Structures are given as structure tokens and as C-alpha cells.
Amino acid sequence: MAKRIQISRHGGPEVLEWVDCTPPEPGPHEVRVRNRAIGLNFIDTYYRSGLYAPPQLPSSLGTEGAGEVEAVGSAVERFRVGDRVAYATGPLGAYGEFHVLPADRLVRLPDSIDFEQAAAAMLKGLTVQYLLRQIGRFQGGETILFHAAAGGVGSLACQWAKALGVRLIGTVGSPEKAERARALGAWATIDYSRENVAQRVLELTGGRKCPVVYDSIGKDTWETSLDCVAPRGLLVSFGNASGPVTGVNLGVLAQKGSLFVTRPQLAGYADTPERLQAMADELFAVLISGQVRVEIGQRFPLAEAARAHEALASRQTVGSTVLLP
Ligand SMILES: NC(=O)c1ccc[n+]([C@@H]2O[C@H](COP(=O)([O-])OP(=O)(O)OC[C@H]3O[C@@H](n4cnc5c(N)ncnc54)[C@H](OP(=O)(O)O)[C@@H]3O)[C@@H](O)[C@H]2O)c1
């Protein structure tokens, strides 16, 4: 018998249940991982609330974790029992003492990266990899705007942008978070709870605005973000922390400067085992070199995942949060 978190209905953190379950044997192309650490991500709250639909209910939650392989399917050749592995691209079910998933969703973990670091960095770090290295394609010297810079994704983005020679202006919700983002490498910060973001971006960029704006807040920041993009620049809308962006009139892109918009997701970039591995290799390289450090701001027992969800949704967390089985 093992334990996992599941939901039987959508709702607030109170719908998370800590239940008994029997670990299934992996199918021919699957692996069963004994989770040692699990990553908490904002997307988990979307699946819990019903903003995103799990394939069925009851459903486990979570797509990110790290641990040891404890059983392999008959057709799996790349992994053996005892291998140290990590994963970030689903399927749902990471919130458990074990997770059974297709072998091609796993990557081998370098010895120098521990399970907590991996669980804290896989999903968020792969996201920053595609945001800054595949969507951004920076040369160095650019000034970009990145919302929620002291959060899980944001903390990694501050450091990775600095390593690329990119000046990251980070928005944050408090003076403490501003200090934290600057310590991690943000070139400047804007406290969007008290400052006019578009005005400050104009000042900081000498009126030029930003060639790329990264917005994971969604509904509350969409309009402001458009005002911060330079003519013919790109708005990357990659999250819904305040609610989804809906009902966009495309004409606004013309009015604001012939802008581009993309709404990407990690699954669309790490969509083959080869691409997942290449992105993970690059992430592990910046972690091992020390250019990017994993900031674990909070740890919760997995059984108390509801408390972790409350903290994340009420903006009390900084950096990454891990759940420990
Ligand atoms: N598309 C993708 O591939 C992808 C992948 C990973 C993550 N994401 C998105 O990236 C964002 C960050 O994810 P994360 O897991 O690292 O979370 P996080 O940044 O650690 O937490 C979210 C942060 O957003 C800010 N925020 C602003 N308005 C908020 C609101 N109304 N409610 C809650 N938070 C609000 C808060 O920071 P302040 O207090 O500083 O405002 C909060 O700490 C999420 O939107 C997530 O969905 C997208």
C-alpha cells in the first residue's frame, strides 16, 4: 500500500485528499518511480480548481518530481531499477509516493543534482529554457520585462537572463520580493502593487520599451504588458495566475505597435524525447556550472499539499516549493 494526493471534485485546497492506493505495475513502455521530492507548480492549482480539466476524476495531481526507478516495463531499455531520474511533462500523478509514467518522459539525473533540486527546477527550469533560449533567442544587451520575478519560474529566469547578458526588469508584489529578485540577478524591479508598470518601463528603457515581455499573471496584467512591448515586439503570455486572458480583440496588437503574441506551454516545446533531453541537458549545465541556483523557498510534507496550495495561491511563496513524500 502507498499514499497519494487525489481530487474527487474541483474546488479550493480543501478538495485535496490524502488516500491509500496500490502502486500499479508499469506497462511495457512505462517506469514506476519512487518519488523522493515533488515540485509544486501553479498549474497544479489550475487542475485542482477546474480551470484545466484532468482526463478523469478522481485524479491525482502534479507533473514534476524526482526519485529512483523502482520498476520498469518489459520494453523499456533506457532505464534500470535504481536509476536516479526526474520528470516534468506529465501525465498527472506526481503527488504520490510513487508515479508510473512513460519512460520517454523521464530524464536521467546527474549525480551532482539532488532530488529536491531536481523537483524544484525541472518544470520551471525547462520552462525558462524555452522562454529565454527558444522563444527569446537573445544576443545579450536586450532589456526584457518578466512578471512575478520572485516566484518559482521567475527566480530561475532572473539568474538565467543575467547569465545571457539580458537585462531583466522583474515585477514583484512586495519590497521583500523586489530585493530577492535583484539579489538573483534582476537588473531592475517594479513593485506592481504600488508602481505604474508601463510608466516605469518607459523610464527604465529610455522610452524604447521591451522587445519581449513575459507575462504569467494573465488577466490582471495583459493590458499593461501590451503597453510595455516595443513596436513589432513579442508578448509571451504563458500563465494565468490571476485568471485567463479572454476575449482579445486582435486589432489591439496593431494599435499598440504591430505586436506579436504567443501563448506557449512546456508540452509544446518538450514534445519529443529528444527535445526534452536537449532542454534538460542545457538546464542541468547551467545548474552544475552555478550560473543558475535552485531557490527552494518552502518545503511541505506531501500529505500537507493543501497548505502548499494555499501558500502559492495567496502569493506567500518565494522561489520554488517542494513536497516531500
Ligand atoms: N506555459 C508554461 O509552459 C508554464 C510553465 C510553468 C509555469 N507557467 C506559469 O508561470 C507562472 C509561475 O508559475 P510558478 O509555479 O513559478 O508560480 P510562482 O511564480 O511561484 O507563483 C505565482 C506568483 O504570481 C504572482 N501573482 C500575481 N498575481 C497573482 C494572483 N492573482 N494570484 C496568485 N499569484 C499572483 C505572485 O507573485 P507576486 O506576489 O510577486 O505578485 C505569485 O507568487 C504561473 O502562471 C504558471 O501557470 C507556465
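**Ligand site and a leucine**

Modeller: Keeping in mind that this is a predicted model, I would begin with the backbone of Gly173, where a polar atom is 2.8 Å from an oxygen atom of the ligand.

Biologist: And which side chain has a polar atom 2.4 Å from an oxygen atom of the ligand?

Modeller: That is Tyr192, and in the side chain of Arg315 an N or O atom is 2.7 Å from an oxygen atom of the ligand.

Biologist: How much of the ligand's accessible area does the protein cover?

Modeller: On its own the ligand has 910 Å² of accessible area, and the protein covers 92% of that.

Biologist: How many residues surround it, and what kinds are they?

Modeller: The ligand is surrounded by 28 residues, with Tyr46, Tyr130, Lys177, Tyr192 and Arg315 the closest, and the shell divides into 15 nonpolar, 10 polar and 3 charged residues.

Biologist: Which helix gives the largest share of that shell?

Modeller: Helix 2 does, with 3 residues, while helix 1 (42-49), helix 2 (115-136), helix 3 (152-163) and helix 10 (305-313) each supply at least two.

Biologist: Switching topic, is Leu253 buried or exposed?

Modeller: Leu253, which lies in helix 7 (residues 251-255), counts as buried because its relative accessibility is 14%, and the cut-off for buried is under 20%.

Biologist: What does Leu253 touch, leaving out residues up to four places away in sequence?

Modeller: Leu253 touches Leu226, Ser258, Leu259 and Val261; as for Arg232, 21 residues apart from Leu253 along the chain, the two C-alpha atoms are separated by 9.2 Å.

Note on methods. Residues are numbered from 1 along each chain as its sequence is written. This is a predicted model: local features need pLDDT of at least 70, side-chain atom pairs count only at pLDDT 80 or more; totals for chains, interfaces and linings use all residues. Side-chain values use heavy atoms; hydrogens and water are left out. Helices (H or I, at least four residues) and strands (E, at least two) are DSSP runs, numbered from the N terminus. Buried means under 20% relative accessible area, exposed over 50%, partly exposed in between (1.4 Å probe, protein chains only). Contact means heavy atoms within 4.5 Å. A residue is near a molecule or strand if one of its heavy atoms lies within 4 Å of it. A polar contact is a pair of N or O atoms within 3.5 Å; within protein, one must be able to donate a hydrogen and the other to accept it, and residues adjacent in sequence count only if both atoms are side-chain atoms. Accessible areas come from the Shrake-Rupley method with a 1.4 Å probe; for residues, only the protein chains shown count as cover. Ala, Val, Leu, Ile, Met, Phe, Trp, Tyr, Cys and Pro count as nonpolar, Asp, Glu, Lys and Arg as charged, and the others, Gly among them, as polar.
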